[in-house]
Amino acid sequence: MDLFEYQGKQYFARFDIPVSPGDVGYTVDEAVAAAEMAGYPVVVKAQVQVGGRGKAGGIKLADNADEVRLHAGNIIGMDIKGHHVKRVWVEHASDIKKEYYASYSLDRAAKQHLLMLSAEGGVEIETVAVENPDAIVLLHIDPVDGLSAATARDAAVRAKIDDEAVDGVADMLVKLYRCFTEGDCDLAEINPLILRPDGGVHALDAKVSLDNNAGFRHPEWEEFRATEELDEREQLARTHDLQYIGLDGTVGIIANGAGLAMSTLDVVNQVGGTAANFLDIGGGANADMMAAALGVINFDENVKSIFINIFGGITRGEEVAKGIVEAMGRVELRAPIVIRLDGTNAEEGRAILANAGIPESKLISKPTMLEAARAAVAIANGTN
Amino acid sequence: MAIFVNEHTKVIVQGLTGGQGKYHGLRNQAYGTQVVGGVTPGKGGTDVAIPEGGSIPVFNSVAEAVAATGATASFIAVPPKAASAAILEAAAAGIAFIVCITEGIPAQDEAKVYNTLVRDYPNTRLLGPNCPGIISPGKCNIGITAGEIAQLPTASGPNVGIVSRSGTLTYQALYELKQRGIGVSTCVGIGGDPVPGTNFIDCLREFQADPETHAIIMIGEIGGSAEEEAAEFIKANVTKPMSAYIAGVTAPEGKKMGHAGAITSGGKGTAKGKMDALAAAGVRVGLNPTEAGDLMAEIIKSL
């Protein structure tokens, strides 16, 4: 789960990482109230999860309430690269002497934590990596050992952080590491991490991505989940605990297992079709989950055919079949189903479907993944 | 021969008294796997009945189970909260091969467990977490694979080894070979999590050394760089013919495709890049699982 900047800063604050005083505003009045609290001058920042906010006019400086009113009025409701701005973060404008970069992530190849630190912050780190790779210090950290204050300080020195900022940055690195590990982040990034003229160091931006698997030990994440930006289809899927990603095509897809679902997308694409979604009903899917999955697919107006691709391991064929029959009895599906059912109890499942009295205009069974994909695509493209 | 497990492997199930552990533990037992015990803290002494007769003893700890049964492998089927501790308990008790099917373990825990194993228990191999397990057809099945979809290997060969990052595609690969009557030496599902205990290279090395494996199918997916690293290894070390399939050619960038590991970002971890790397290493790459099966059938015919 990706956090908005303001949520990231709130999360940072839990780990004593200094951020600028500020607050979030959903309306112009709330933005002004936040500015009064933070103290002028302030920065009004659009809260969207996409880069290039500044260039799009989503970040503005304001010296007084009238200017906050003007800018917040313009920014709230703005569209930035397809992201609708619902709220702004208003914080006290900082004097900046230098901008640095710091982040922690998991290096999957090394199977260790990775600190990236650079004295060249405030720009895209990918750009620095290409143009001046020596300006980035990469430090692997064994998750069992963790990060010591001495190692953090050493990294800061190696990254050529200005002398006056070394202690502040080292302290920040230790705190950010705690946020990354104890806070169960996939990514914790500060860009820019600034040095103020008064010698202080703090986080001017926050990019935090949380590991959904760790949600069980973070009840405080509930408030973040409430603001996650999902389209309507994704919202509906979530209420049924289905792994769903909305796409733009016309073939609705249901498969068991992430790999098989991805593979189903690929095959549909290869035979000339486009997928409307990725939907993994998971291992051990039962009749209820299949019915829910069909409900989600049916919500999507673009869907012209539905391809159900099931290979039973834990998932049992008869359960899948029962779910389909049940769902078809419950809702009027907008598109015909093409199904490929194999694996555990597949024959039993096929028999249930064959004996359910469903006409072939609504349900077609195919023996292989490829044949089923061709049939589903032919229906979706109107070439059947 | 088979890799990692065979007909002599004695297995305990951590979580045998739970829903998943009991269902799959008994299925593994029915397949012919030597399931010699179960472990559930606080439930030691309460045996789990085998439907066909007999029972499997349950112990309070892995150490007790190992002492009583001589088990060398463990099948872990416990919830995410308990999985890390279960893996480390098995390693501390001297278990050499651990299969963990648990899905949803936090990445921080996984990274810690992996590095603890490397440092403190170098002789323990972890398969998974979040994997379907391992099957050496006719000999041993640990995990959730339906045994009947695996074609038995033949004494004279040629037989194929399978290694896969995705659960259902592991079954699909087994099924593709069964349809063509091609025997399988061992099929290993390494799982789709960011920090798998066993990776492609570990399995490829074993398959290369296994005299009963004559060719190898590898099933990868988008995200990370495990397939690219495997391609480098293949180029230098694998002489047995291979076919492969990479899932996620059409996956949009920046969207996690179900598996925690399956995501492409910044042009890295794409299916195209992985397919090119494997092809450059001499692997025949199919555009879908069926094509990978067809390519393997051609390879087998030529052997």
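**Figure 1. Surroundings of A:Leu279 in the predicted model.** In this predicted model, A:Leu279 touches A:Leu242, A:Gln243, A:Tyr244, A:Ile253, A:Ile254, A:Ala261, A:Ala293, A:Val296 and A:Ile297, with residues up to four places away in sequence left out of the list. A:Leu279 also belongs to the largest nonpolar core, which has 158 residues. Within that core, the residues that touch the most other members are A:Ile253, A:Leu279, A:Ala293, A:Ala376, B:Ile76 and B:Ile98. Nonpolar side chains tend to be buried together in soluble globular proteins.

**Figure 2. The contact between chain A and chain B.** Here 46 residues of chain A are in contact with 49 residues of chain B. Several elements of chain A each supply at least two residues to the side that touches chain B: the helices H9 (258–270) and H13 (369–381), and the strands S13 (243–246), S15 (277–280), S16 (305–312) and S17 (337–343). Which element supplies the largest share of this side? It is H9(A), with 11 residues. Sorted by class, the side of chain A that touches chain B comprises 20 nonpolar, 16 polar and 10 charged residues.

**Figure 3. Strand S6 of chain B and its two neighbours.** Strand S6 of chain B spans residues 73–76, and both of its faces are covered. B:Ala73 and B:Phe75 lie on one side, B:Ser74 and B:Ile76 lie on the other, and all four are buried. Strand S1 of chain B (residues 10–14) pairs with S6(B) in the parallel sense over four bridges. In this pairing, B:Ser74 of S6(B) is the bridge partner of B:Ile12. S6(B) is also joined by four bridges to strand S7 of chain B (residues 97–100), and these two strands run parallel. In S7(B), B:Phe97 stands opposite B:Ala73. The chain passes from S6(B) through helix H3 of chain B (residues 80–92) to S7(B), forming a right-handed β-α-β crossover.

**Figure 4. The two domains of chain B.** Chain B is divided into domain 1 (10–127) and domain 2 (150–302). Taken over C-alpha atoms, the centres of domain 1 and domain 2 of chain B are separated by 27 Å. Each of these domains gives eight residues to the contact between them. On the side of domain 1 of chain B that touches domain 2 of chain B, helix H4 (107–120) and strand S8 (125–127) each supply at least two residues. H4(B) gives the most to this side, with five residues.

**Figure 5. Chain A and its three domains.** Chain A is divided into domain 1 (21–92), domain 2 (98–225) and domain 3 (232–381). The centres of domain 1 and domain 2 of chain A, taken over C-alpha atoms, are 26 Å apart. Chain A has 13 helices and 18 strands, and its C-alpha atoms fill a box of roughly 80 × 50 × 40 Å along the principal axes. Of the 384 residues in chain A, 48% are buried. Among contacts in chain A between residues at least 6 apart in sequence, 70% join residues at least 24 apart.

How values were computed
Residues are numbered from 1 along each chain as its sequence is written. Chains are lettered from A and ligands numbered from 1 in the order in which they are written. A nonpolar core is a set of buried Ala, Val, Leu, Ile, Met, Phe, Trp, Tyr and Cys residues joined through C-beta atoms within 7 Å. A residue is buried if 20 or more other C-beta atoms lie within 10 Å of its own, exposed if 12 or fewer, and partly exposed in between; C-beta atoms are placed from the backbone. Two residues are in contact if their C-beta atoms, placed from the backbone, lie within 7 Å. Ala, Val, Leu, Ile, Met, Phe, Trp, Tyr, Cys and Pro count as nonpolar, Asp, Glu, Lys and Arg as charged, and the others, Gly among them, as polar. Two strands pair if DSSP finds at least two bridges between them. A crossover is right-handed if, with the strands pointing away from the viewer, the path from the first strand over the helix to the second runs clockwise. Domain bounds come from an automatic or database domain assignment.
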